[in-house]
Amino acid sequence: MERVEINKTDREARLSIDTRFYDYDSVLLTAKAFAESCWVYVDGDINSKLMVCLKPKSGEVSLEEVGYEFYNYVLGLMKNAGE
Amino acid sequence: MKEQKIINNLQLNFDKNFLIVSVNPKIYSLDVVYSAAKGFLDKAYLVIDGDPKNEIIVEIKPKKKASDLETLGRDFNNELIRFAADKAPQRQDLSEKPKSVSKQFSEEDSEEMSYIDDPLGIARPWEEVYGKGGDKQDRQRS
């Protein structure tokens with residue numbers, strides 16, 4: 001399964017985030033941060049897998065890069081991860 | 001042009017110029033929905049319905065006919081995110097725009113210090129700890 005699924009028709013990047021590894025609050029805070037430059041939609045099961053859809057407001061951004069930046073940002077926010 | 005279009009949780013009805021937002025209450029509480037809805041009262045009519053435990057339905061009808069329904073729906077989703085995230089514990093200042101975390105790490109690691117540099121200021125001269133002319137074992141035996 002692709003880590004970042006690209007929907008070229010709607011110009012969206014879709015991520016499936018496992019909350020066993022990524023803290024739910026950090027995902028929400030990341031979504032809020034990305035909401036400046038993207039339209040963001042979060043759904044799914046907070047105890048299992050969250051679906052995050054990202055649609056950049058600007059057309060000049062790589063969808064795949066936006067998706068991977070989201071993963072990185074969540075990890076960066078997660079307190080005590082790897083400390 | 002299509003009369004209806006479905007994008008994620010948005011059902012757009014172009015013919016009658018309204019959209020329906022399906023909201024997962026396990027992610028976005030009713031309070032969050034109310035807060036998001038209040039920001040749209042000046043530009044749209046909103047009706048909240050559904051099942052507060054399973055699915056909250058928000059019907060949004062823009063006051064102006066020429067409004068972009070998709071943008072309106074996506075903006076509403078962003079507001080849901082904003083208010084839902086405000087309830088999450090604040091972990092750090094998010095006033096800066098997102099940037100690559102890997103770039104941050106590489107900048108911080110560029111200046112490595114060794115023990116000789118004594119970055120914590122804890123080094124003490126041998127004589128201060130063990131005195132002149134002796135090592136720790138000699139002092140313990142005496």
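Starting from the N terminus, chain A runs β-β-α-β-β-α, giving two helices and four strands in total; helices (H or I, at least four residues) and strands (E, at least two) are DSSP runs. This is a predicted model, in which local features need pLDDT of at least 70 and side-chain atom pairs count only at pLDDT 80 or more, while totals for chains, interfaces and linings use all residues. Residues are numbered from 1 along each chain as its sequence is written, chains are lettered from A, and side-chain values use heavy atoms, without hydrogens and water.

Let us look at the packing. Of the 83 residues in chain A, 48% are buried, that is, under 20% relative accessible area with a 1.4 Å probe, protein chains only. The largest nonpolar core holds 53 residues, and A:Val40, A:Phe70 and B:Phe76 have the most contacts inside it. Such a core joins buried Ala, Val, Leu, Ile, Met, Phe, Trp, Tyr and Cys residues through side-chain atoms within 4.5 Å. Leaving out residues up to four places away in sequence, A:Phe70 touches, among others, A:Leu15, A:Val27, A:Phe34 and A:Leu54; contact means heavy atoms within 4.5 Å. In chain A, 61% of the contacts with a separation of 6 or more link residues 24 or more positions apart.

Now for confidence. pLDDT is the predictor's confidence in each residue, from 0 to 100. Chain B has a mean pLDDT of 78, with 69% of its residues at 70 or more.

| Stretch | pLDDT | Contacts beyond near neighbours in sequence |
|---|---|---|
| B, residues 91–96 | below 50 | 12 contacts |
| B, residues 99–110 | under 50 | eight contacts |

For the complex, the predictor gives an ipTM of 0.78 and a pTM of 0.69.

Conventions
Buried < 20%, exposed > 50% of the residue type's maximum accessible area, 1.4 Å probe, protein only.
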